[in-house]
Amino acid sequence: MMRAANGGSHFLKKEESFMYDRENRYRMEDTMNAGRLEYTENGMSHMAARRCDVLRISLSGAVIGLITQVNLPKQFYLDIPDARINKVGAVLMKSFANNTAEIRFLRLLTQKELDRIFVFSTHPAHKDRVLDVRSW
């Protein structure tokens, strides 16, 4: 009986992994934007917010840098205030020892959103990007 329960649990993890493996891969680009993570702490008692830096980004995910060591929850929202991008749902894929983490968005960003992020980026690769006001 115990074996069946374990097998079922293992199958879900395997299926979840398969889903991400089959997903299209979008190339990450270097960027430097201020971001904010919002998530609930202690169940549903209150929302917490942490400042972060968006270091690399693609349509489907990002690498973020945190100022201090923080135990991120599995799910949270990412805001990029200067680009006016709010509450993009995300899941934690992997945490690294150097206070960075790889995250996956729950929806793909649009190309317009990505362009807006690069316009407000302080990374040298995006210094010549200009904003197309018609796209706002």
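Trainee: How many salt bridges does a search of the whole structure find?

Mentor: The search finds seven salt bridges, and please keep in mind that this is a predicted model.

Trainee: Which residue does Asp-30 meet in a salt bridge?

Mentor: The side chain of Asp-30 meets that of Arg-56, with 2.5 Å from N to O. This pair links distant parts of the chain, since Asp-30 belongs to strand 1 and Arg-56 to strand 2, 26 residues apart.

Trainee: What about Lys-87, which residue does its side chain meet in a salt bridge?

Mentor: The side chain of Lys-87 meets Glu-38 in a salt bridge of 2.7 Å, N to O. Lys-87 lies in strand 5 and Glu-38 in strand 1, so this pair ties together parts that are 49 residues apart in sequence. Lys-87 is partly exposed, with a relative accessible area of 45%, whereas Glu-38, with 14%, is buried.

Trainee: Where does Lys-87 lie relative to Tyr-77?

Mentor: Lys-87 lies over the face of Tyr-77, at 5.0 Å from the ring centre.

Trainee: And which salt bridge does Arg-107 make?

Mentor: Arg-107 and Glu-113 meet through their side chains at 3.1 Å, N to O. Arg-107 counts as partly exposed at 35% relative accessibility, while Glu-113 is buried, with a relative accessible area of 13%. Elsewhere, salt bridges that share partners join Arg-36, Glu-38, Asp-79 and Lys-87 into one network.

Trainee: Changing topic, which residues touch the most other members of the largest nonpolar core?

Mentor: That core has 27 residues, and those touching the most other members are Leu-37, Ile-57, Ile-64, Leu-72, Ile-103 and Phe-105. Strands 1, 2, 3, 4, 5 and 6, together with helix 2, each supply at least two residues of this core.

Trainee: What is Phe-105 in contact with, leaving aside its neighbours within four places in sequence?

Mentor: Its contacts include Ile-57, Leu-59, Leu-78 and Val-88, and Gly-61 and Ala-62 are also among them.

Trainee: Why does Arg-104 count as buried?

Mentor: Arg-104 counts as buried because its relative accessibility is 6%, and buried means under 20%. Arg-104 lies in strand 6, and a polar contact of 3.2 Å joins its side chain to that of Ser-60.

Trainee: How many aromatic pairs does a search of the whole structure find?

Mentor: For aromatic pairs, the search of the whole structure finds zero.

Note on methods. Residues numbered from 1 in each chain as written. Predicted model: local features only at pLDDT ≥ 70, side-chain atom pairs only at ≥ 80, totals over all residues. Heavy atoms only, no water. Helix = DSSP H or I, 4+ residues; strand = E, 2+ residues; numbered from the N terminus. Buried < 20%, exposed > 50% of the residue type's maximum accessible area, 1.4 Å probe, protein only. Polar contact = N/O pair within 3.5 Å; in protein donor to acceptor, adjacent residues only side chain to side chain. Core = buried A, V, L, I, M, F, W, Y, C linked by side-chain atoms within 4.5 Å. Contact = heavy atoms within 4.5 Å. Phe/Tyr/Trp six-rings, centres within 6.5 Å; stacked < 30°, edge-to-face > 60°. Lys NZ or Arg CZ within 6 Å of the ring centre and 35° of its normal. Salt bridge = Lys/Arg side-chain N within 4 Å of Asp/Glu carboxyl O.
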